[in-house]
Amino acid sequence: MIVGIPRALLYYKNEKLWTKFFDELGIDYIISPETNKEIIENGSKYAIDETCLPIKIFLGHVDYLKDKCDYIFIPRIETAQDTETCLNFRAQYDLIKNAFRKYDIKLLFYNEVGHKKHKEYKAFKKLCKYLKIKKSLGKYAYQMAKQTQLYYELFRSEYQENILKNSKKIKVLVLAHAYNIGDKYVGEPILNMLKKLNTEPIIAEYFDAKRCVKESLKVSKTLPWSYNRHLLGALELYKNMVDGVILITTYPCGPDSMCDEMIVRHYKDIPIVTLTLDAQDATAGIETRLESFIDILNYKRKNSYE
Ligand code: SF4
């Protein structure tokens, strides 16, 4: 049996958890390749116009995998850190089932339901039951996978805190969803541009989710989406340690458009630039905007020392 894992959406949050889980169980898997233009174009064929870019990318990765494996792993996650996720994450199974109805593909369904205690473990337990894997083996695989994921997250977070404390370079906090900033086609070119401009990009997504979501409550008690809360909380926590903030959003994202507007209004004293990416030109034209923004940050820092 070969499981196909789409390199899209929550893969960028849970890569270690999922791959280690399958590794421990000795289940073979393939991960779709890095996103490229062809994957986006293929994914767009399954989507209506109003679909956001990350979902088009996700559809493109499923399309790539559809005839290369026995099952395609489709995770559905309703809540994170006790807050709801965007509707797109809750509709994933139905979305894929419907978009690929003409094809004979089997979906390996992973379903984290509501606010239940141990919902992550329960989702893996159910998946093991479906695959007829012994309960004890599944539990062990989950524990090992969880540990690997937690170590990885801790390492990333501490690494960045170290940069924040010690780097003398211009530091920009990048607020972008994991699947945007982690994607080679979408986020990586922006990070490369920032590095070329001799700045230190700090990825908000890499800070501890639980701590960030809690911190976000200081800014808004009502913001509904967990992953946006994560980014907002990181900004609230580290706002005094960075020179500026870059908001990266993909067209047309409802949660980002509301949250980003709130951030711009709330953090009036911090230089902020918003970059909106779409399926057509992705990062085209971004370089000039980034250069001007970094010029402003350099000027600001220079003047604050005079
Ligand atoms: S949060 Fe925005 S970008 Fe992410 S899946 Fe939802 S609509 Fe798409």
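Is Glu-287 buried, partly exposed or exposed? In this predicted model, Glu-287 has a relative accessibility of 34% and therefore counts as partly exposed. Glu-287 forms a salt bridge with Lys-196, in which the closest N and O atoms are 3.3 Å apart. Lys-196 itself is exposed, its relative accessible area being 67%.

Another pair is formed by Lys-68 and Asp-67, with a closest N to O distance of 3.5 Å. Here Lys-68 counts as partly exposed at 38% relative accessibility, whereas Asp-67, at 59%, counts as exposed.

The domain assignment divides the protein into domain 1 (2-148) and domain 2 (167-305). The contact between them draws 23 residues from domain 1 and 27 residues from domain 2. The C-alpha centres of domain 1 and domain 2 are separated by 27 Å. The size of an interface is often expressed as the accessible area lost when the parts come together. For domain 1 and domain 2, about 2,100 Å² is buried between them, and 66% of this area is on carbon and sulfur atoms. The count of salt bridges between domain 1 and domain 2 is 1. Elsewhere in the list of pairs, the side chains of Glu-205 and Lys-13 meet in a salt bridge with an N to O distance of 2.8 Å.

Domain 1 (2-148) and domain 2 (167-305) each give residues to the shell around the ligand, so the ligand lies between them. The surrounding residues are Cys-52, Pro-54, Cys-86, Asn-88, Tyr-179, Thr-250, Cys-253 and Pro-255. By class, this shell comprises 6 nonpolar and 2 polar residues, with no charged residue.

Several backbone features were also noted. Most residues other than glycine have a negative phi, and most peptide bonds are trans. A cis peptide bond joins Tyr-251 and Pro-252, with omega at about -15°. Pro-252 is located in the loop between β9 (244-250) and α12 (254-266). Positive phi values occur at Leu-9, where phi is near 45°, and at Asp-82, where phi is near 65°. Leu-9 is found in the loop that runs between β1 (2-5) and α1 (11-25), while Asp-82 lies in the loop between β4 (79-80) and β5 (83-84). The surroundings of these two residues were then considered. Leu-9 counts as buried because its relative accessibility is 3%, under the cut-off of 20%. Asp-82, in contrast, has a relative accessibility of 61% and so counts as exposed, the cut-off for that class being over 50%.

Key
Residues are numbered from 1 along each chain as its sequence is written. This is a predicted model: local features need pLDDT of at least 70, side-chain atom pairs count only at pLDDT 80 or more; totals for chains, interfaces and linings use all residues. Side-chain values use heavy atoms; hydrogens and water are left out. Helices (H or I, at least four residues) and strands (E, at least two) are DSSP runs, numbered from the N terminus. Buried means under 20% relative accessible area, exposed over 50%, partly exposed in between (1.4 Å probe, protein chains only). A residue is near a molecule or strand if one of its heavy atoms lies within 4 Å of it. Ala, Val, Leu, Ile, Met, Phe, Trp, Tyr, Cys and Pro count as nonpolar, Asp, Glu, Lys and Arg as charged, and the others, Gly among them, as polar. Domain bounds come from an automatic or database domain assignment. Contact means heavy atoms within 4.5 Å. Buried area is the accessible area (1.4 Å probe) that two parts lose on being put together, summed over both. A salt bridge is a side-chain nitrogen of Lys or Arg within 4 Å of a carboxyl oxygen of Asp or Glu.
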